[in-house]
Amino acid sequence: MRDVADRAGVSIATVSFLLNDTKPVTAATRARVEQAMAELGYRRNAVARALASRKTHIIAMAYPALEHRFGMSTAEFFTGAAEAARKESYHLVLWPVGNDGLELRELLGQGLVDGVVLMEVQLDDPRVDVLRETGTPFALIGRTTELEGLSHVDIDFDTTVQDAIGHLYDLGHRELVLVSGDLADPRFHAYGPWVRTEDAYRRIVAEYGLRTVVMPCSDTTRAGQEAAERLIHEHPETTAILVLNEYAALGVVSGLRRLGRDVPGEFSVLPLLMVPETAAMSDPELTIMRTPGPELGQLGTEALIRQLENADPLPPQLIPAKLIPGGTVAPPGGRPGHHIGA
């Protein structure tokens, strides 16, 4: 610090204030000190700082990557979280640990992070128990069944499904199908987003006086293609299809087109949780309910950092997905129905 202070023409105390963020330093002084550090080849030592302060200024986002596939919507949660962490001088790391809590417990014992943002939350999530037992500060992007005392933010699935069904209903659709997640899959048997979405769908179509048709589907494009074929044979009267998984949604559209069916002339397709980049992979480009990933990543991280800084807690927040028009939703019979190539 003495070398840096001499080169920058400031006191050792000023260098200490800057490095430890203990007192404000003017922008000009900060620039001189950082320039001196760069010229001398000095870097902050995060490990030494952590040993001295018992804080690493590192937070982890726990994501069960082996159980849950990464998608573009997932990446938005990460980038939103990383940006929020950086603004508060924290670093974000990704922990691709399983959702049984075993790996998480082992990692927490190493003292590597100050807290954890938990993603892909199950209704009864063993990781929550591990975090509580170890006394680790944490926040949820998602919801367990019991939420008392838990800092959490999540997608407003009820409003998302209500808005999606309402949009289709207003266009004249009365024969809807939900291509849902496969809750029989052990990876997802108590997965909050799938359970909440399906529950909301069943309740809302009943309120509209419509038939309830739910088709389980795995989280792959191939599964979406197979669901499209099954739907045509089992529910040919369908005019609009809501799809929960982004990979499956791409498969539903390609599957319908492969079978010579027109989208949206014969079938409107509306994914419930997707980002524009994925929607653009489809031809025609998908009309979507846009996932609020950036906002939730930011809010979940902010909720955790407030705990770490002993600030006022962030109130729980639910944010719905928003409709973004594309080319896969139209009134039933809005275009002449035809078979491609006919």
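Q: In which order do the 4 strands of the open sheet with S7 and S9 stand?
A: Welcome to this predicted model. The 4 strands form an open sheet, and their pairing is parallel. Reading across the sheet, the order is S7-S6-S8-S9.

Q: Which strands stand at the edges of that sheet, and why is one side of each left without a neighbour?
A: A strand at the edge has a single partner strand, so one of its sides has no neighbour in the sheet. Going from one strand to the next, the twist averages 20°. The edge strands are S7 (214–217) and S9 (268–271).

Q: Which residue in S9 stands opposite Val243?
A: Strand S8 covers residues 240–243 and runs parallel to S9. The two strands are joined by 4 bridges. Across from Val243, the residue in S9 is Pro271.

Q: At about what angle does helix H8 run to S8?
A: Helix H8 is made of residues 157–171. It lies across strand S6 (176–181), S8 and S9. Its angle to S8 is about 165°.

Q: Which strands does helix H9 lie across?
A: Helix H9 spans residues 192–207. Its direction is at about 165° to S6. The strands that H9 lies across are S6, S7 and S8.

Q: Which residue in S11 stands opposite Ile155?
A: S5 and S11 run parallel and are joined by 3 bridges. Opposite Ile155, the residue in S11 is Ile319.

Q: How is H2 placed relative to H3: roughly parallel or roughly perpendicular?
A: The axes of helix H2 (residues 12–20) and helix H3 (residues 27–40) come within 11 Å. They cross at roughly 90°. That angle makes the placement of H2 relative to H3 roughly perpendicular.

Q: How many of the residues in the contact of H2 with H3 are nonpolar?
A: On the H2 side, the contact involves Thr14, Val15, Leu18 and Leu19. They meet Thr29, Arg30, Val33 and Met37 in H3. Sorted by class, 2 of the contact residues are polar and 1 is charged, while the nonpolar ones number 5.

Q: What is the volume of the largest cavity?
A: Counting cavities of 30 Å³ or more gives 1 cavity. Residues including Ser73, Thr74, Glu120, Tyr191 and Leu273 lie nearest the centre of the largest cavity. Its volume is about 450 Å³.

Q: Which element gives the most to the lining of the largest cavity?
A: The lining has 26 residues, and by class it holds 14 nonpolar, 7 polar and 5 charged ones. Helix H5 (72–87), strand S5 (152–155), H9 and helix H11 (246–258) each supply at least two residues. With 3 residues, the element that gives the most is H5.

Q: In which loop is Pro264 found?
A: The peptide bond from Val263 to Pro264 is cis, and its omega is near 10°. As for its place in the chain, Pro264 is in the loop between H11 and S9.

Q: What is the omega of the cis peptide bond that joins Asp283 and Pro284?
A: Pro284 sits in the loop between helix H12 (276–279) and strand S10 (288–290). The bond joining Asp283 to Pro284 is cis, with an omega of about 5°.

Q: Which residue has a positive phi of about 55° although it is not a glycine?
A: Look in the loop between helix H4 (46–53) and S1, where His57 lies. The residue with a positive phi of about 55° is His57.

Notes:
Residues are numbered from 1 along each chain as its sequence is written. This is a predicted model: local features need pLDDT of at least 70, side-chain atom pairs count only at pLDDT 80 or more; totals for chains, interfaces and linings use all residues. Side-chain values use heavy atoms; hydrogens and water are left out. Axes are lines fitted to C-alpha atoms, for helices over the stretch in contact, and angles run from 0 to 180 degrees between N-to-C directions. Angles under 35 degrees count as roughly parallel, over 145 as roughly antiparallel, 65 to 115 as roughly perpendicular and the rest as oblique. Contact means heavy atoms within 4.5 Å. Ala, Val, Leu, Ile, Met, Phe, Trp, Tyr, Cys and Pro count as nonpolar, Asp, Glu, Lys and Arg as charged, and the others, Gly among them, as polar. Two strands pair if DSSP finds at least two bridges between them. On a 1 Å grid over the protein atoms alone, a cavity is a set of points where a 1.4 Å probe fits but cannot get out, and a pocket is an open set with protein on both sides within 12 Å along at least five of seven lines; lining residues have an atom within 4 Å of a point. Grid points are joined across faces, edges and corners, and a volume is the space filled by probe spheres set on the points.
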